[in-house]
Amino acid sequence: MASRSQNRPPRSPTTKRDGVGGGIGLDKTRKLGVGRMGLTSTTRTRQALTVVNRQDVTVTSDIGSTEGTETAPIDFTKEEVEALLNGKPKAKKFDLKAKMEQMTDYNKRLKLCVKWFQREDEKHLLEEERLKTALAAAEKKATDYEDEMKKKEEEYNGTISELREDKVSLQVQLANEVTEKTDAIDNYQKEKEARVAAENLQKSLNEELNRAHYETAAANKKASSLDDMCERLQEYNTSLSQYNVKLQADLANECDSRKRVEMEKQTIVENLSILRGHYNSLQGELKQSRDSQDEAIKKRESLVDKVKCLRVELQQARDDRDHHAAQVKILIEEIDKSKEKTGKSLAELECLIQKTKFLEETCSEQRNQISHLGLQLNAAKKDLKIFDLSASETKVEFEEQRKTIRDLQERLVEAEHQITEGEKLRKKLHNTILELKGNIRVFCRVRPLLPDDGIAPETPVITYPTSTEALGRGIDLIQSGQQYPFTFDKVFSHETTQQDVFVEISQLVQSALDGYKVCIFAYGQTGSGKTYTMMGRPDAFDQKGMIPRSLEQIFQTSQTLIAQGWKYKMQASMLEIYNETIRDLLSTNQSKCDDNGVSGKQYTIKHDTNGNTHVSDLTIVDVCSITEVSSLLRQAAQSRSVGKTQMNDQSSRSHFVFTLRISGVNENTEQQVQGVLNLIDLAGSERLSKSGATGERLKETRAINKSLSCLSDVIFALAKKEDHVPFRNSKLTYLLQPCLGADSKTLMFVNVSPDPASVGESLCSLRFAARVNACEIGIPRRQTSVRSADSRLSYG
């Protein structure tokens with residue numbers, strides 16, 4: 001049976017002689033230190049620690065003389081506080097009395113530093129309130145002055161706009177009248193030009209008409225000459241036809257004579273030579289007659305063509321004559337119309353002259369009005385200059401006020417920066433005090449109301465105190481009108497993001513690389529947001545849980561430490577405890593389970609002498625990047641036991657344990673560290689009456705409640721500092737034994753639901769978390785020993 005006494009070092013032989021030795025319990029040492037410092041309250045109070053200690057503070061070694069006395073205020077610097085926090089005892093290894101005196105002296109200096117920081121914190125708060133008050137007054141004064149200036153500016157702008165409107169209206173009237181006058185003059189000029197143009201047009205039309213008459217006469221003469229020519233051509237044509245008939249008759253006669261000649265040929269054979277000569281002459285004459293006939297035919301054809309052309313020209317001349325006659329008629333009509341228009345334009349011109357006289361009189365009156373308005377405009381311009389001068393003065397004053405406000409804002413930013421630095425230092429001092437005290441750190445997180453929770457209540461069941469001491473660390477639960485206050489190391493409201501939560505645990509995760517055993521686990525009822533806090537949604541960047549973010553930081557930091565000579569080797573494993581049975585979530589050969597949910601392969605938990613815990617036959621994977629770990633997480637999520645109940649559609653039915661074993665070697669200093677990071681998502685507690693579990697779900701619920709009850713028993717035993725702690729009552733508590741021992745840095749998330757129907761379970765969870773926060777498990781130690789040859793992964 002493992003107990004708390006097994007984790008303590010053996011007592012030295014000098015313990016019985018002087019009562020102070022190496023084997024004295026840490027709790028007794030802490031009690032002695034508390035008694036010497038004069039602490040009267042046994043409850044833990046977490047004050048805002050923000051600044052630093054001093055190494056040269058002289059504290060008397062006589063503890064009794066300083067008890068109950070108040071020391072004068074002492075100031076510290078940041079370097080002195082860092083030196084105080086990083087200071088190491090210089091006593092010899094076995095000089096326990098000197099070590100005790102040094103620890104007492106260190107605690108007194110730490111107490112003085114804390115008191116000094118409280119005073120500085122109060123000063124900063126007062127200074128911040130004073131600056132905020134001054135800033136608010138200055139802003140109010142500036143806004144009032146600015147409103148007054150705006151009102152004046154609006155009044156001046158209204159006056160100016162009215163004057164401008166009057167000026168614009170007058171200018172518009174003047175412009176309209178000027179345009180009317182110019183239009184009348186333009187119309188008169190246009191009428192005059194139109195009359196001159198009409199007269200010119202009439203003259204040109206008369207000239208064109210005369211020219212048309214002359215052309216018509218010439219065309220008639222030409223037509224008569226063409227008729228005469230046509231008659232002569234016809235007579236010539238008849239004479240040619242007669243000549244052609246005569247030639248044809250001659251040709252017939254020649255043919256008859258030829259026939260007679262042929263008939264007489266026989267008779268004149270004797271006179272053949274004479275007749276041949278005569279015949280040749282006749283042939284010549286015949287040829288000549290034929291040539292003349294051909295020439296006459298050609299002349300006839302050319303004369304026919306000329307007659308045709310003359311007929312076409314005659315037709316064109318007749319068409320031109322008709323066209324000119326039509327144009328003459330149109331011109332005569334236009335002349336008549338222009339005469340009528342000229343008479344009308346003369347009448348209109350007389351009217352326009354009368355209108356012009358009237359407009360000239362109106363323009364003279366408007367000139368007088370414009371001169372009067374010009375005088376008024378000059379006066380308004382003078383008033384505007386005066387207003388501009390006053391506005392420039394107010395602008396200068398406003399710039400001065402703005403400069404004052406800017407200075408106050410810069411001072412406020414500087415004060416906020418100092419507060420932020422002080423808050424960082426407070427967190428570091430707070431973590432140092434918690435490590436010295438050896439308490440389990442507890443963070444409380446409240447999930448937002450979900451649509452399945454129903455209508456939000458008028459008065460929320462969970463509130464957050466706003467006092468300086470409890471701000472960000474306190475939570476109040478209201479049940480049946482009664483308020484239950486709780487205080488933890490950090491409280492996250494429903495508006496807190498995953499990144500905000502991880503910032504608070506990032507330093508704790510970093511400790512795993514430094515060689516510490518780190519354990520972070522989530523506790524709470526079903527549906528309170530444990531799995532979302534630990535795993536989140538890895539695919540969504542903003543909703544990643546603590547496990548993916550912690551692993552990303554581990555791998556990123558290990559890469560940056562390579563420059564300092566560090567090389568790390570990391571091994572990962574994942575398991576779940578389902579119905580008090582261990583399941584390997586990374587096993588490639590998932591064995592079948594029997595009817596009781598027990599797998600074929602049995603895993604056993606073993607602790608070695610170095611405080612490490614091993615699980616037999618568990619799959620251990622070497623990992624080198626976040627990508628490999630993410631793949632393993634997806635594989636484990638698919639293998640994990642999840643079921644549906646009336647309280648949660650996706651309820652985790654097992655305890656999920658992720659372990660990352662880190663081995664680091666510094667090649668420059670030959671230093672070796674071994675750290676372990678345990679990230680645990682516990683199954684949710686639930687009441688059978690609300691979950692409605694039956695059958696297999698009922699068996700799971702009983703196993704979950706039993707293991708959580710065993711965890712509660714272990715916490716109670718640790719809180720009461722009992723010699724026997726029942727770690728072996730459950731596989732969950734037996735696996736977590738190293739995390740709840742003195743060698744580990746442990747943090748618990750308690751997840752709470754704001755649903756009024758779950759207020760009972762939320763109260764139980766908060767009470768359990770308060771007990772966990774009160775447990776002192778001892779100061780964690782760094783593992784710098786040489787890595788064991790056994791490469792199996794431990795949960796220690």
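Predicted model: local features only at pLDDT ≥ 70, side-chain atom pairs only at ≥ 80, totals over all residues.
View 1. D228 counts as partly exposed because its relative accessibility, 38%, falls between the 20% and 50% cut-offs.

View 2. Two elements, α5 (96–263) and α6 (272–437), each give two or more residues to the positive patch. Helix α6 supplies the largest share, three residues. K385 is a handy one to look for, sitting in helix α6. With a relative accessible area of 58%, K385 is over the 50% cut-off and therefore exposed.

View 3. Side chains of opposite charge can pair when their charged atoms come close. In this close-up, R411 and E127 meet through their side chains in a salt bridge, at 3.6 Å from N to O. The pair links distant parts of the chain, with R411 in helix α6 and E127 in helix α5, 284 residues apart. As for cover, R411 counts as partly exposed at 40% relative accessibility, and E127 is partly exposed too, with a relative accessible area of 30%.

**View 4. A salt bridge from a strand to a loop.** Now for K567 and E667, which form a salt bridge whose closest N and O atoms are 2.9 Å apart. This pair also links distant parts of the chain, 100 residues apart: K567 lies in strand β7 (residues 566–578), while E667 belongs to the loop between β14 (655–666) and β15 (671–681). Both K567 and E667 are exposed.

View 5. R583 and E576 bring their side chains together in a salt bridge, 3.4 Å from N to O. Are these two residues buried or exposed? R583 is buried because its relative accessible area of 18% is under the 20% cut-off. E576 is buried as well, with a relative accessible area of 0%. Elsewhere, salt bridges that share partners join E127, R130 and R411 into one network.

How values were computed. Residues numbered from 1 in each chain as written. Heavy atoms only, no water. Helix = DSSP H or I, 4+ residues; strand = E, 2+ residues; numbered from the N terminus. Buried < 20%, exposed > 50% of the residue type's maximum accessible area, 1.4 Å probe, protein only. Salt bridge = Lys/Arg side-chain N within 4 Å of Asp/Glu carboxyl O.
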